[in-house]
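Keep the viewer open beside you and take the points one at a time.

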Amino acid sequence: MSAATDKARFFLEQSVPELKEYERKNLFSQDEIKSIVKKRSDFEHKLNARGTKPVDFVRYVEYEMNLESLRKKRVKRMGIRSAGHSGQRRIFFILDRATRKFHGDTNLWIQYIEYARKQKAHKKLSIIFTDALRFHPTNAELWIYAAKAVLDDHADMSQARSYMQRGLRFCKSTRALWIQYAKLELIYIAKLVARQRILGLGETSQQARPAEEAGPDDLDADMLTLPQITAEDINPTGDDDEEADQAVQNLNNTPALSGAIPLAIFDAAMKNFNGDDLFGLEFYNMATEFQEVPCVSKILDHVVETMQTHKPTSFRTRICFIKLPTAGVSVTSPEFPRALGSSLGRLKESQPLSSDLAQEVVNWLQPLTEQEDLDPALKTVLVSTTRNAQRVTQSA
């Protein structure tokens with residue numbers, strides 16, 4: 001008997017107690033159990049033979065997932081209190097074998113991680129992330145995925161930062177990793193701001209700490225140095241409600257809400273990329289997505305100021321400078337006409353437009369003209385300005 005057949009039989013024998021329990025509790029008929037054995041035998045022989053592919057593991061996992069779903073439905077319908085064997089362990093085992101055999105296939109790792117997240121197997125998930133990142137340390141998207149997962153599932157910003165900082169050690173030249181790191185911090189700030197509003201603690205302070213307090217950004221170090229945040233900053237405690245409220249109010253002046261951490265990330269990245277204006281534009285566009293975060297205006301001011309220092313004549317620097325007055329201002333708010341007037345004034349100072357700058361102007365203004373409830377007079381101005389910019393791009 002071949003080694004592949006021996007392995008297949010060994011793995012099949014592990015499921016005998018499970019199948020006997022299914023028969024004893026009448027979860028599956030004898031014919032159904034024979035069918036299960038036949039399918040598993042086919043999969044195991046294929047997996048243990050030469051020439052197996054990742055898709056073979058995927059099909060096996062899909063079959064077991066469907067079988068487990070059917071088992072759960074029958075347990076619920078039949079009112080069985082003690083469910084006994086669960087297919088979760090078997091599915092984990094198959095996925096573990098798949099990632100060990102094809103550790104270079106990131107799709108298998110993602111499927112493994114997604115299943116663990118769905119099953120809320122938190123300890124298992126931590127082990128899977130560790131193994132996946134050990135095999136793929138230069139995969140920036142995997143570091144980003146890991147950081148987002150721990151923040152979304154556990155609200156663990158400390159672990160999310162750890163993933164991002166470790167990722168930067170291996171993927172320092174990947175702009176997307178720096179951008180997503182700062183975005184993760186802004187998401188966290190947005191959640192803290194929302195928490196304050198729910199608690200009725202009023203508007204958060206927009207005073208950002210001086211850049212010096214962001215800490216050094218020595219890119220030769222293993223980890224990016226960020227401002228210190230204590231547990232008390234994030235989860236304030238007190239002897240009474242008044243003291244607790246005051247503690248949460250004090251959070252406004254910590255790096256967690258002042259925007260010092262995203263600023264430190266931006267400064268370190270700009271140093272790493274030698275003042276790259278493309279990175280500056282991408283960072284600016286990302287930050288504008290967080291209009292409700294009070295410190296974003298400070299961050300955008302700093303981004304534009306830094307870009308003007310490094311690349312003052314770049315069309316990317318100029319479009320950020322032009323858009324700055326309208327950043328975070330809704331088109332339906334009373335402040336928008338004045339903000340738009342300031343932006344258009346800066347645009348006028350940039351004449352004549354280069355084709356690149358004109359295209360950026362079109363990209364900026366065209367979505368605004370399609371906004372609902374836009375004042376007709378403002379729409380006329382926006383449409384006219386957009387057409388003028390389009391003529392420049394067409395004549396180039």
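**Notes for a first look**

1. N26 counts as exposed, because its relative accessibility is 58% and the cut-off for exposed is over 50%. You will find N26 in the loop between α2 (16-24) and α3 (30-48). Its backbone deserves a glance too: phi of N26 is near 60°, a positive value in a residue other than glycine.

2. A second residue to look at is A155, in the loop between α8 (140-154) and α9 (157-170). A155 is not a glycine, yet its phi is positive, about 55°. Is A155 buried or exposed? With a relative accessibility of 57%, A155 counts as exposed. As background, most residues other than glycine have a negative phi, and most peptide bonds are trans.

3. The peptide bond leading from Q351 to P352 is cis, and its omega is near -5°.

4. Before going further, please keep in mind that this is a predicted model. The chain has a mean pLDDT of 85, and 84% of its residues reach 70 or more. Residues 203-221 have a pLDDT below 50, and this stretch has 37 contacts in the model beyond near neighbours in sequence. The pLDDT is also below 50 over residues 229-240, a stretch with 23 contacts beyond near neighbours in sequence. I would read the contacts of both stretches with care.

5. Now for the chain overall. Its secondary structure consists of 20 helices and zero strands. Of the 396 residues in the chain, 44% are buried. The chain exposes about 21200 Å², and 48% of this comes from carbon and sulfur atoms. Taking contacts between residues at least 6 apart in sequence, 66% join residues at least 24 apart.

6. Which residues have the most contacts inside the largest nonpolar core? They are F129, Y163, L177, W178, L186, F279 and F283, in a core of 105 residues. Helix α10 (residues 175-198) gives the largest share of this core, 11 residues. In soluble globular proteins, nonpolar side chains tend to be buried together.

7. Setting aside neighbours within four places in sequence, L177 is in contact with A140, W143, I144, M164, G167, L168 and C171.

8. How many disulfides does the model have? The count comes to zero disulfides, where a disulfide would need a pair of cysteine sulfur atoms within 2.5 Å.

9. Finally, follow helix α19 (residues 355-369) from end to end. Its 15 residues should span 21 Å at 1.5 Å a residue, and its end C-alpha atoms are 21 Å apart, so the two values agree. Buried residues of α19 are L357, A358, E360, V361, V362, W364, L365, L368 and T369. What do the buried residues of α19 pack against? Their partners are α15 (277-287), α17 (315-323), α18 (336-349) and α20 (376-395).

Methods. Residues are numbered from 1 along each chain as its sequence is written. This is a predicted model: local features need pLDDT of at least 70, side-chain atom pairs count only at pLDDT 80 or more; totals for chains, interfaces and linings use all residues. Side-chain values use heavy atoms; hydrogens and water are left out. A nonpolar core is a set of buried Ala, Val, Leu, Ile, Met, Phe, Trp, Tyr and Cys residues joined through side-chain atoms within 4.5 Å. Buried means under 20% relative accessible area, exposed over 50%, partly exposed in between (1.4 Å probe, protein chains only). Helices (H or I, at least four residues) and strands (E, at least two) are DSSP runs, numbered from the N terminus. Contact means heavy atoms within 4.5 Å. pLDDT is the predictor's confidence in each residue, from 0 to 100. Accessible areas come from the Shrake-Rupley method with a 1.4 Å probe; for residues, only the protein chains shown count as cover. The expected span of a helix is 1.5 Å times one less than its number of residues.
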